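Subject: Structure handover

Hello,

Here is the structure I promised to pass on.

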Amino acid sequence: MSEVPADWNPVEQRLWEDFRRGAVCDLSVHDQAADDPGSPVDWGPERTVRATVLALLLLSGPTAVPGTVRGLKLTGALITGRLDLAGGRLEDFVELRGCRFDTGVLLSEAQGGTIRFDGCWLPRLDASRLVTSGDLVLARCAVASGVRLTDAQIGTDLIVNHLVVGGDQYGHAFSADGLAVHQDFEADRLVTYGDLSLRTARIGGRLSLRGAQLYARPGQGNCLNAARISVGSTCYLSGWLPAQAGRSRTDLSWQAPAPVGYSLRSRDPGPYYRDPQSSDPGAARAALDAPDAPAAPQTPQTPQASGVPGPPGLPAPRSAAGEPGNGPAGAAQAPLALGSDPGSMYGQGFGQVEPAGSRSMPFRAFGGVRLDDARFESACLISNAEFHLGHGQELSLRRIQTPELRFTCPAPPTGTVALSRARVGNLVDTPQAWPRNGRVRLTGFAYESLRPPEDSSFTVEQRIAWLDHALDTYHPEPYEQLAAALRRDGLDEDAREVQYAKQRRRRQGLPLPGRAWCWFQDITVGYGYRPGRAALWLVAAWALGTFWFAGHQPAPVKLDEHPHWNPALYSASLVLPIVNLGQDGWAPAGFDQWLSAALVLTGWLLASTAVTGATRVLQRG
């Protein structure tokens, strides 16, 4: 095809020529408010391009101008109709910046190079089983009714930084089960109103959710479901800090998530989502607004009746005259136009240390987080994160495997943290990060070493309190695991403290006779971990016997044949019954006989507990 179709309008003809030269076709008016793709301001025919035109250019476009590389580079356009590229082969570079789609985009089972949507507004993106040899970028976009990337294969990076996504009719916001990304998956400051599903996804590089705000829809259990995910480098569930070095401490504009445009719902999603039984063009929009629209704007710190905060009120749409529209009450605010967001399309500052006094935007999860059976080749960093969990929701890290797990949240999750049968190399944590009241599951949790963060400490007393408060019932395994980790670090004294605490916790669940015997072992030899106590009790018993028998010499067994009387040696022979000190020729009677029996019994009991302690020492050796 060499000639521009005659039925194309002047804007589309201009796009034809720019496509052949690989030049940018810029239809924006260079006004921040007017160029906002999410605003209700109408864009006229001078900015309108039909989706069929884009499809024709990408699937069977004209030849390139000699000496140039053709490509679709479109900025500030209103794209009408459904962009249907399902199953197509896209040979050219695609970059759409600040564009507005009135209907969904279909890329299912398509193949292409690099595809970029930067700062666009879309009703929906369906790209299941998409295959790219380059990047897929959805940075700084707003997608009203969900993104679908199930079983997609991305050749290099998947970039969704600053993306805002609403849920589809099933409450799913970002569905990417089976996703394969050859390099990095960057989702810094991602905002989802529905679940983010990454089950069985394979990420070759890092997975970054720094500063993400994830909201589960009503009735959903999880806002993040990444069971069986595999990450080739580091997973970041942490805070996001702007890369600009000179940002003021008081400029905290990034702490409230702001979508590109006024609202996810500020425009009619179009016929792609209309009820086929309804002839009302606005019915789909009303249905989209109704299910999860909050009665009043919420903030992440405002609890609802369920105990889990809801999403903040979305900015209200405005009319062309600038009057407030019919958005959520009290939610009006200035739009965030394309290019005004302080963040970059690509993630920055990985591994950087936050400057003193800086405040980063935390990762926030308003719903359950599931990372069961996940594999992280370098580390899983959960720091500066907030987990607002409702009834039955939990932060589930069951059976994860990672060389390092960093759990340094400033406040504990409001629900359960499950680490059952997880395998971790270094455990880097802080005392305040863990919930109490028996809401930590540690059965089978194994870690090689304990490493407190650089600016804090975690004493053995705090470690013991961590276990005591975390476990709802007594389980010996977590105590044994902690003691083994301390011994590997050469902290034998701390390991004995943990073993001692284990026995005391065990005593609480025993019947009365068992508790009495354990109590006796505790006050005498500290279950074998306080051997000095036995010596003190034996000395006390010997001193008591010596003091008494010094004034109450027993009668000899044989008047003409008895040893020389020595009350100290006689008392020692009673307290140490297995030792013969030559004082067997005496026959106490009356009270002396009862006292002698008591000293013998005390000696046997103290000796048995001392042997128990010695056995534990030998076993540890």
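This is a predicted model: local features need pLDDT of at least 70, side-chain atom pairs count only at pLDDT 80 or more; totals for chains, interfaces and linings use all residues.

Look next at the β5 end. There, β5 runs parallel to β8, residues 105-106, and two bridges join them. Within this pairing, D84 stands opposite L106 of β8.

**A residue in a loop**

Now go to S360. This residue is in the loop that lies between α3 (283-289) and β31 (363-366). Is S360 buried or exposed? Its relative accessible area is 8%, and the cut-off for buried is under 20%. S360 therefore counts as buried. The S360 side chain also makes a polar contact with the side chain of N384, at 2.5 Å.

**Aromatic pairs**

How many aromatic pairs does a search of the whole structure find? The search gives nine. Two of them are worth a look.

One is Y215 with F366. The ring centres are 4.6 Å apart and the planes meet at 5°, so this pair is stacked. Y215 belongs to strand β27 (residues 213-215), while F366 belongs to β31, so the pair ties together parts 151 residues apart in sequence. Both Y215 and F366 are buried. These two also form one aromatic cluster with Y193.

The other is F407 with W434. This pair is tilted, with 4.6 Å from centre to centre and 35° between the planes. F407 sits in strand β37 (residues 401-408). W434 sits in the loop between β39 (423-429) and β40. The pair thus links distant parts of the chain, 27 residues apart. F407 is buried, and W434 is buried too.

**Charges over rings**

Finally, two arginines to find in the viewer. R47 lies over the face of W43, at 3.8 Å from the ring centre. R189 has its charged end over the ring of W240, 5.1 Å from the centre of that ring.

That is the tour. Over to you.

Best wishes

Methods: Residues are numbered from 1 along each chain as its sequence is written. Side-chain values use heavy atoms; hydrogens and water are left out. Two strands pair if DSSP finds at least two bridges between them. Helices (H or I, at least four residues) and strands (E, at least two) are DSSP runs, numbered from the N terminus. Buried means under 20% relative accessible area, exposed over 50%, partly exposed in between (1.4 Å probe, protein chains only). A polar contact is a pair of N or O atoms within 3.5 Å; within protein, one must be able to donate a hydrogen and the other to accept it, and residues adjacent in sequence count only if both atoms are side-chain atoms. Rings of Phe, Tyr and Trp (its six-membered ring) pair if their centres lie within 6.5 Å; planes under 30 degrees apart count as stacked, over 60 as edge-to-face and the rest as tilted. A charge sits over a ring if NZ of Lys or CZ of Arg is within 6 Å of the ring centre and within 35 degrees of the ring normal.
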